[in-house]
Structures are given as structure tokens and as C-alpha cells.
Amino acid sequence: MKISGRVWKFGANIDTDAIIPARYLNSADLANLAAHCMEDADPEFPKKVQVGDLIVAGPNFGCGSSREHAPLALKAAGIAGIIAPSFARIFYRNAINIGLPILEAPVAAEAIQEGETITIDLENGLITQANGTSYQAKPFPQFMQQLIAAGGLIAYTREKVNPHA
Amino acid sequence: MGLTMTQKILAAHAGKDQVEPGELINCQIDLALGNDITAPVAIEEFTKLGVDAVFDPDRVVLVPDHFVPNKDIKSAEQAKQLRDFARKYRLTNRFDVGTMGIEHCLLPELGLVGPGDLVIGADSHTCTYGALGAFSTGVGSTDLAAAMATGEVWLKVPEAIRFIYHGQPQPWVSGKDLILYTIGTIGVDGALYQSMEFSGEAIAQLSMDSRFTMANMAIEAGAKNGIFPVDAKTLAYVQGRAQRPYTTYTADPDAKYAAEYEFDLATIEPQVAFPHLPSNTKGISAAAGVSIDQVVIGSCTNGRLEDLRIAAAILQGRRVHPEIRLLIFPGTQQIYLDALKEGIIETLITAGAAVSTPTCGPCLGGHSGILAKGEKALATTNRNFVGRMGHPESEVYLANPAIAAASAVLGRIASPAELNLKEVSLAQ
């Protein structure tokens, strides 16, 4: 599957408090999370972001708390994928588990600028700028590809615990 | 090839003799943990799995600690979801206001975690139990949901970085300072996807409370886990508490480390992490003088008895500065009670501190101590990200409880040395 979208750029070490501050974690309602997504990094972001937009960020994206509300907020706000040189490990797991595409691609993360429209081929991890320049993201290990193909961890686990359902 | 301590624990829980760094393995877990923020999402996902039981009602633990005592109606609904789930699935270990504590203070105290265990928790500071020689790591709600049903989790076998600490600590230096200094050295992603294995003769001298503090903050360097060798102090702590048999693992002498750092404690003074990253550390001599509005002593990082004891030793016979609000959060009901019996609570209240029931409270900007625009807090907590304790334009400085208590007296970031205090003995 290929996705194309407009890029919002963020710096290094974007933490989960910036993605969704804890003051909104008294509810996991997706509309609530989307309405406050990234607001401590950019107060206008929830108003500006459009469905299908992409985030390109610096290293260690999603550091801090284990709150799955962080990738849920980004997904609910319409973010279709995130490119960064590296992701904090709990955020990485959470994004895979809930089906939010993330790509580790240091050179692309550096080169791509805010406002560009880029295309990501989720099958092979190829990231392409409008001028045709392309970058190869780090491939997912095979087990993770199975998880993604199954539709996330819950669908994968449901199959495992109820093989005949 | 020799294995690190973490690799050995993972191999044992995957039924393997040998594992390789980078290998993805399926592990049996000893315990799964959730709290009042993460478990509600996990419970929703759990119900989609179509199972009618948790894998083991003795090994699923839900602790409401973040927004309790319920701070508003929505938080009350989330805490109630935990209660209803615990009742429905007949969970053995049930905790609520009055019997609870901050999860990472509570579980070791009750012996629900022991050496060699593999624990996952939907809370990033689950890595705290590495102080006991356990492998424990934070996961998200969906991982918790799957683990509550299957008793299993997939993990990538991590490489390890070895941190070796030598020498005698300077006055007022505790585990908090060693871990802040370490994070300041390697950065907030310095141990990303890796284990932090702590060792050296200075580690052997550290109290269990200081070890919990260090393992707790491994996540602030991006680590998967932080882990300590099991020694006589660990076993003394576990004895009489452990609710299950436990196993002691040691790293192989030929274990391979991705990197090694050696620190001489003679060069490490008490540390302060400036806004807005835990790695933004300075020694107290370069940090003293910053004006503050609030001091917080508590959290899963520094809300244990030793932490309250040192704060009381400094506040004994002194007053909290009139421009400072000093908030104390004992980690568990038991810690609160022990501190009460020791006279610590009386000393703190007499000095002008406010003492709360156990809760995460202001650490994550939840409740009970939120900062206004432009306010600054010195806290013994673990994170100082933008907006962490309240308004996005407020600031958090991280330090140990001794620095926190002295700063509360002087109304600015300060060392107890400024109060002409010699270090008090905390030997238990």
C-alpha cells in the first residue's frame, strides 16, 4: 500500500507528554485525544493537521511514558505515518500494535522538509519526495511483518487463543 | 557466547539455553501490571480477544495510582473500570485507596516481584524492579491486554551496556545522582533498545531504595531495562516478602557488552537536571541559586522511606521558606505508616510541608500540585519535559531528596551544605 501526505516536521526527543499531555489522560476517547494532539509542542497543531498528513521528526520520537494514548492520539488526529531516525522502544511497540505506520529512516528524516508532499510505500519501506529522490527505510523483522499483516497484536493474538473461531 | 544477566533471564523465560541480541523471542511472564491510565485501554482490547479468563488471576495486578483518590468524574470512571475488571476476573491482588501505593513502590514491598522474574507493565517505570535482579520493562496497553490473556509477550533480546561505579560517594550523593549523572553522560536515547547493567563496588554499597531509584530511571536513557546484581542486600530485602520462589541469575564472565562506562564517584556531586530533559544535568555547585515556587518529594523514583528520612533530617528544626510549597508523597501506605511511627511525618509537617496520601499526583501533571504559567518546581521525580507538571510554560528541575529539602528551606535550588549540615547517616 502507498500513502501520500503533507509533512509536519518536529525535532529530536519528542516526548509522549508533548504528543498527548497527561492532563487529558482521564479519558481515552479518541476525539478527546485528537483535539489535544501535540499541543504542547505546537498549540495550533490540532487545528492545522489534516487526515492523511505525515510527521517527520528527529531521533527518539515518542520517548517517555508508555501511554498508548500517544500513538492513538496521532492516529485519531489523522496522521497516516511517522518517519524518524529512531523511535523510543515502547512507542515503537505501541505504534505497531495499533497499526500506525512508523519508519526508521535517518537520511530521509534529515532531508525531508515541512510542507513537502511525500509518498511512502508501506510494502517495501520506500520513501519518495516530489522531486523523485527516494530513501529506503529500515525493514521490519519478519515477525513484525506478520503482526502488521494480521492487523495488529489483538487480531494476531485472537487467532492464537481461538484458532478455530 | 556468554550471556548478560538480562539475556539469561529472557532465555530462561523463552525455554531456551542460548539467545542472540536482536533475536525476537516469545517469553512467559511472571507478572503483568497496569494502572488507572493504561489498564482501561487494555481492558477494552482484552474484551476483543474473546477469552473468558486472564491467564492467571494471581499474576495480573492492577494498581490505581495516577489519578487517585479520583481527581474528577472521568478519572473515577477509569478507576472503577479497574475495580470492575478485578472483581469479574477474580484477581487475587486487589489494591485501592487505603491499601495501595504508587505501583513501583508497592509491588516490591509486597514481594510480588522477585529476582529472576520477567515482569511487564503498562507503565514506563516498570523497569524499577531491575533493582531486585528481575527483568522488567514497560509496554503499552495492547501488549498488556494480550499478556493478560496469554501470559506471554514477544521481546527483542537486547544488547547491554555495562556501567561500573567505583569509589566513595561525596556528601549528599545518592542513587538519584548516579543515575542522573549517567543519563547526563549518555543522553536520553543513550541506551535505546538496550539493557543497562549496573555494577562496581560503589553499587554494592548502595541501599535498596537507592537501587530502586536508579533502575527506575533507566527508561529516561531510553533503555529497555536496568538491572542490578543480586547480593546480600537484595536477598535480605526479598526475604520474608517474596510471594513466589525466585531465581538468582548472574552475568557470564565472558558476556559481551555493546559498551562499558566507568565512573569514579569522587567526581560526581549531587546532580540537578534542568528543563526540559532528564539528561540536561549539572552538578549542584553549578545549579544552586535558581529560584523556585514548589518542591515535590515523592513518586515511584524517590518516595521511599530513605527518601523521606533524609528530607526529615534536613528539615528537623527548620522551616520551609515562606515562598515555597513543599509537597510530600509517600510511595505506599506502609511507607507512610513507617514514616509516621519514626516521627518523620511530624517533623515534615512541623516544618511546613503538606503530606499527601500515596499518588503519582503532580509528577505527571495529574493533580495535587499543578504548576501555573511561569512557575518552577524542584522535584525528586523522573521527568522534566515541557508541561510535565502543569502549564506548558512551567519548569521542572530534578534532584535527590536532600537537595529538595534544602531547597525548600532556602527558597532556591541549594545544597544541604549551605545549611552547614554534615551528611547524616542513613544506615538502616
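Which residues of helix 14 of chain B are buried? The structure is a predicted model, in which local features need pLDDT of at least 70 and side-chain atom pairs count only at pLDDT 80 or more, whereas totals for chains, interfaces and linings use all residues. Residues are numbered from 1 along each chain as its sequence is written, and chains are lettered from A and ligands numbered from 1 in the order in which they are written.

In helix 14 (residues 344-351) of chain B, the buried residues are Ile344(B), Ile345(B), Thr347(B), Leu348(B) and Ala351(B). A residue is buried if 20 or more other C-beta atoms, placed from the backbone, lie within 10 Å of its own. Helices (H or I, at least four residues) and strands (E, at least two) are DSSP runs, numbered from the N terminus. Just after helix 14 of chain B, Gly352(B) has a positive phi of about 110°.

Two packed helices are described by the angle between their axes and the distance between the axes. The axes of helix 12 and helix 14 of chain B come within 9 Å and cross at roughly 45°; axes are lines fitted to C-alpha atoms, for helices over the stretch in contact, and angles run from 0 to 180 degrees between N-to-C directions. These two helices of chain B are therefore oblique to each other, given that angles under 35 degrees count as roughly parallel, over 145 as roughly antiparallel, 65 to 115 as roughly perpendicular and the rest as oblique. On the side of helix 12 of chain B, the contact is made by Leu308(B), Arg309(B), Ala311(B), Ala312(B) and Leu315(B). Helix 14 of chain B contributes Ile344(B), Thr347(B), Leu348(B) and Ala351(B). Residues are in contact if their C-beta atoms, placed from the backbone, lie within 7 Å.

In chain A, the axes of helix 4 (residues 69-76) and helix 5 come within 9 Å and cross at roughly 50°, which makes helix 4 of chain A oblique to helix 5 of chain A. Ala70(A), Pro71(A), Leu72(A) and Lys75(A) in helix 4 meet Phe91(A), Asn94(A), Ala95(A) and Ile98(A) in helix 5.

Between the chains, 38 residues of chain A are in contact with 45 residues of chain B. Helix 1 (16-19), helix 5 (89-98) and helix 8 (153-161) of chain A are the elements that give two or more residues to the side of chain A that touches chain B.

Terms used:
A residue is buried if 20 or more other C-beta atoms lie within 10 Å of its own, exposed if 12 or fewer, and partly exposed in between; C-beta atoms are placed from the backbone. Two residues are in contact if their C-beta atoms, placed from the backbone, lie within 7 Å.
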